[in-house]
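Biologist: Before we look at any single feature, could you take me through how a model of this kind should be read, one idea at a time?

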Amino acid sequence: MSDPESGDAGNDSSAPTLAEAEAKILACESSEALKEVEREYVGKQGVVARLLASIPDAPPEERPEVGKQANILKKGVQQAIQARQQGLADARVATEREGQGFDPSLPPPRPQRGSLHPLTQVTRELEDLFQSMGYRILDGPEIETDYYNFEALNIPADHPARDSHDTFFCEGDGHLVLRTHTSPVQIRALENLEPPLRVVIPGKVFRHESTDASHDHTFHQMEGLVVDRDISVAHLIGAMKTLLRGIFDRDLEVRLRPGYFPFVEPGFELDARCPFCEEGCRVCKRTRWIELLPCGLVHPNVLRAGGVDPEEWGAFAFGLGLSRLVMLRHAIDDVRHLLGGDIRFLEQF
Amino acid sequence: MYVSYRWLGRHIDLEGISPEQLCEDLTLSTAEVEGIEKFAPHLSAVRVGKVETRVPHPDADKLSVCTVDIGEEESLNIVCGAPNVDAGQKVAVATVGTVLPGDFKIKKSKIRGVESRGMICSVRELELGEDHDGIWVLPEEAEIGQPVADAVGLNDWVIEIDNKSLTHRPDLWGHRGIAAEIAAIYSRPLKPLSFDWPEWGDGAPYPIRIETPACSRYIGLQIDGAKATESPDWLKGLLLAVGQRSIDCLVDLSNFVMLDLGQPNHTFDRHALDSDGIAIRMAREGEQMTTLDGEERDLQPSDLLICSGDRPVALAGIMGGEGSKVGDTTDALLLEIATFAPAVVRRTSSRLGLRTDASARFEKSLDPTLPQRAGAHFARLLRELQPDVRFPAPPTDVGEWTDPAHTLTLRPEQVRRELGKAIPDEEITSILKRLGFGVEKSEAGYAVAVPSSRSTKDVHLDRDLVEEVGRIYRYGNIEEKFMRADITPPPKDPRRHLVRALQDRLAGAGRFHETLSYSFVHDALLEKLGMLDLPHVRIVNPVAHGEERIRRSVAPSLLAGLETNRRLLDDVRLFEVGKGYLPDPEDPNREPQELHLAGLVWASAPAGAGARFDAHAFNRLQGVVTDLLDHLEAAETHWRPAPAPPLWAHPAKALEAVCTESGDVLAVVAELDPGLHAGLGLSGEQASEVAVAEVSIDALLKAPQRGSRYKTLARYPGIKLDVAIALPETTAAAEVHSAIKKAGKGSVADAELFDLYRGDSVGAGRKSLAYHVTLQSEKKTLTEKDEQKFLKRFEALVGELGGELRNG
Ligand SMILES: [Zn+2]
């Protein structure tokens, strides 16, 4: 390589040429090296600058030529550098495209996430389904009075049906209880809203039961109430089938059989064909039917208790076990996981 | 309730109806059948054999060697230890390979050198009784080789019916009632049964006084010469099938009549009764009696007693008294068949926790006409079993009762309308007649006579008749219909909307897991949290001791399971939307105040020394709640120290978010009191930073909302610069923040604290704060001159705070 510092001894013998510069530029393998060459030629003290600085020393007739040469050199060097830079960039892209060292099997990092409780998910799904059919969603207190939880629902004091409710009683004179079902909100709805009406009430309920994998003393239900003129058992069947279609995304064979609940008359248990088997399984206890929906025409005494004239209005009501539905849907083996607060359970949903 | 298929056969011809079919039909028309099982299935494997010869065992005194004919070519050689075995007997033989109860498999064996190929069974080995003194000797007519079940009439199925589905049907608590349902379902007649009293002597009727309306009818029948002998096999067999062990003929008969007709009854030894007869009265305060089970019971005036003279001899409708037990030698009995007030029986049996077959029936409201039939049934059966018994006097039949049978008007149109099915009149009336209702054409439709057995509880309204028709017609025969109605969208529901938005934000951007908890909070937890003395709604009958209290807020529930979760994870983020209840301070009988809350907890392994100043659980949780309130469109809020932090909170590190406009407190965020960590299992390996927040959904719903916050996009570029200042520890960051704003004179678009530092370079008692500041104007592009002016003003303001700019 020629040393520009030593090149000013004679301007004829060692005049810097563009060809020389271009060769140097082409030999550069990195942008750092290119910068070096750029500084050597077009930097503040570079070849071109020194050439221009030498003009006053040159004979006057050669001065224009020296100036011209300097500019040609400058432009040429700059162009060559730009071209070389592009070449290097292209080469880099080409190398990257080869994809060396890429392991397609590397596990991706997952973002941290939160989750909604499976009961929330099922409740929302049903709320949306019911809202699309014109139902209103209501809420009611978990600590209820004896009147709403029993009396107004045609279960007077000393009625043997109270046994099956396994009630938690609050301290005091015994008229406050933890609600044993969401049905008391039926009465509140009848009292507060004008018929015709369609409501559903999701919520937490309590039964004083010993707990095991399939029983818990606290669980979630959704109650439904429809009041209208000329309500019949046939309408109830139609509404329940629509509901099941919404839940299971297909038509399930159902059967309606007598069931006793004092607040409905007639009262039914609605069984659906087990959606999990053809031959009987653990879920349906080998019967091929699963008990899904207690329901019935609302007892005239209940309508009266809510201030609605049973001669003028008919009504049907139904109850859905939300906890049970969640268990069915996810094949959960222990109901106590639902309220157990274990993140290993919660984060799966 | 257990029902025997064979027993039903005493009341109705079941020809052609298999037990399985019967169960299906009962389920679809009457009540839920929970299960059906073959009764004592091993009895079908054990066969009738005849002992041909019996010789003593050559090497054992107490054993005999028998040859037994079981109807096969070769007789079996069987070694038997029973003293009563003898040649000529018909016996139950379990042959080699038979499996008896208890997984006991019969094997070929040698007993003291003699081969034995089977076993001659005792009653106990076949689970038919307790008797194991000897082998079971079968009746002479048993056919050799036949399965024992067939030979002794124990070929039966046991049907279990869900008691709950019989709550309203006192008539179905006996086999004849179930048979009557079957009669209606299959249109078959019930077999006739005589309810005429057998003839009686002309002695004096037994004196019986009813002193309370809680007993509406009481029949007493004197029986002489009855013996407590062993019951015949048919009776034992039927009782066994429904789970009742045979005691003796008299006890068995009493049970049989109850299980046959549904009417409980009781026999007293007349020798043990005082001469002035029976009195039925309410108990007196402080009175006591000992019941048959040997328990001494404290009585209350709401308990109904059967007394002899003044002495209680039975807790009416529940259990007899100890002294009244009928012994082996008694020959003078008094049979009681009565009707007691259902609520009275129920109250006493609930209070004493004494639920018996009798009380279960009385509390269902028994038909007051039934005692006569049940009494006659008992007397006739007893005479059949013991022809020598005498009834010395007419039965005493006292009480004030009326036949509850009544008439309802049936409008067939109503039946069709409410069932939604065009069932013709003839079919409706036919169903009702099959069910035992009287049906006659009337002006309004039909007059339906409801029999007394259905009148006490069940059938009172026209609607009840609709059910009767529907269930026998079968609901499965009704086609679905769809309601026609105007559907209008239901009104907006702000609470639900808010809760959903909150859940979505926390589970989404917040990356929290939603949990749901029990409403009960354990005393031990409350004690640790210092909350045990707060007034709580309390349950009188908790699932476990110490779980009486209902939570006032959600936070304790979230803290309860923290240890378990922290053991698994370095970072636990949980939230719950739920309710808390505050009891009325004046009156515990008033409905408690209900709070709608969301609770959040963030627990993580302690942030290391190099962590950013705001990388702690508390800061992060406060950030989440700030974002949440903003997302829920609450109007502008600010944080301030909580004047009354929750009891679980760090006394100094507790802040509340306040709506600036209305002053509503929307949320509280606090660090968990450091004194609670160890007690909650959050020390040592699980040492944690824990922050807890509670958001009031009630307050959020009331508080003002902010409108849209859209601002047009900036037209001129801003200047970004970093400033760092050192100042005394006691100066709040908020003051620096206002100084930045003030220095900018409206041009500060953003000021973000990004570093908080304490250390040698700033000196003791001092800290350094560093901010990213963005200056921006809506009118022009700001220049370096503007930046200099800002810095100059800022420096002056910082000086007033006792600080100085640090050049970074
Ligand atoms: Zn199945």
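Modeller: Let us begin with one residue, Glu191(A), which has its place in helix H7 (residues 184-192) of chain A; helices (H or I, at least four residues) and strands (E, at least two) are DSSP runs, numbered from the N terminus. As for conventions, this is a predicted model in which local features need pLDDT of at least 70 and side-chain atom pairs count only at pLDDT 80 or more, while totals for chains, interfaces and linings use all residues. Residues are numbered from 1 along each chain as its sequence is written, chains are lettered from A and ligands numbered from 1 in the order in which they are written, and side-chain values use heavy atoms, with hydrogens and water left out.

Biologist: Is Glu191(A) exposed, partly exposed or buried, and which residues does Glu191(A) touch?

Modeller: Buried means under 20% relative accessible area, exposed means over 50%, and partly exposed lies in between (1.4 Å probe, protein chains only). Glu191(A) has a relative accessible area of 36% and is therefore partly exposed. A contact means heavy atoms within 4.5 Å, and, leaving aside residues up to four places away in sequence, Glu191(A) touches Tyr147(A), Tyr148(A), Ala305(A) and Gly306(A). The C-alpha atoms of Glu191(A) and Leu303(A) are 9.4 Å apart in space, although 112 residues separate the two in sequence.

Biologist: Which protein donors does the zinc ion have, and how are the donor residues spaced in sequence?

Modeller: Donors are N, O and S atoms within 2.8 Å of the metal (3.2 Å for Na, K and Ca), and water is not among the atoms, so sites may look incomplete. In this model the protein donors are the SG atoms of Cys274(A), Cys277(A), Cys281(A) and Cys284(A), which lie 2.2 to 2.3 Å from the zinc ion, and the spacing of these residues is C-x2-C-x3-C-x2-C. Four donors count as tetrahedral if all angles lie between 85 and 135 degrees; the angles among the four donor atoms are 105 to 114 degrees, and the zinc site is tetrahedral.

Biologist: What is the phi of Arg288(A), and where is the place of Arg288(A)?

Modeller: Arg288(A) has a positive phi of about 70 degrees although it is not a glycine, and its place is in the loop between S7 and strand S8 (289-298) of chain A. In chain B, phi of Glu633(B) is likewise positive, near 65 degrees, and Glu633(B) is found in the loop between helix H17 (617-631) and strand S34 (637-641).

Biologist: Which residues does Asn565(B) touch, once those up to four places away in sequence are not counted?

Modeller: Asn565(B), in helix H16 (residues 562-568) of chain B, touches Gly341(A), Asp342(A) and Ile343(A) in chain A, together with Val572(B) and Leu574(B) in chain B. At 1% relative accessibility, Asn565(B) counts as buried.

Biologist: Finally, what is the average pLDDT of chain A, and what ipTM does the predictor give the complex?

Modeller: pLDDT is the predictor's confidence in each residue, from 0 to 100. Chain A averages 90, with 95% of the residues scoring at least 70, but over residues 1-13 of chain A the pLDDT is below 50, and this stretch has seven contacts in the model beyond near neighbours in sequence. Where pLDDT is low, the predicted coordinates should not be read in detail. Chain B averages a pLDDT of 93, with 99% of the residues scoring at least 70, and the predictor gives the complex an ipTM of 0.88 and a pTM of 0.87.

Conventions
Four donors count as tetrahedral if all angles lie between 85 and 135 degrees; four count as square planar and six as octahedral if opposite donors are over 155 degrees apart and all others between 65 and 115; anything else is irregular.
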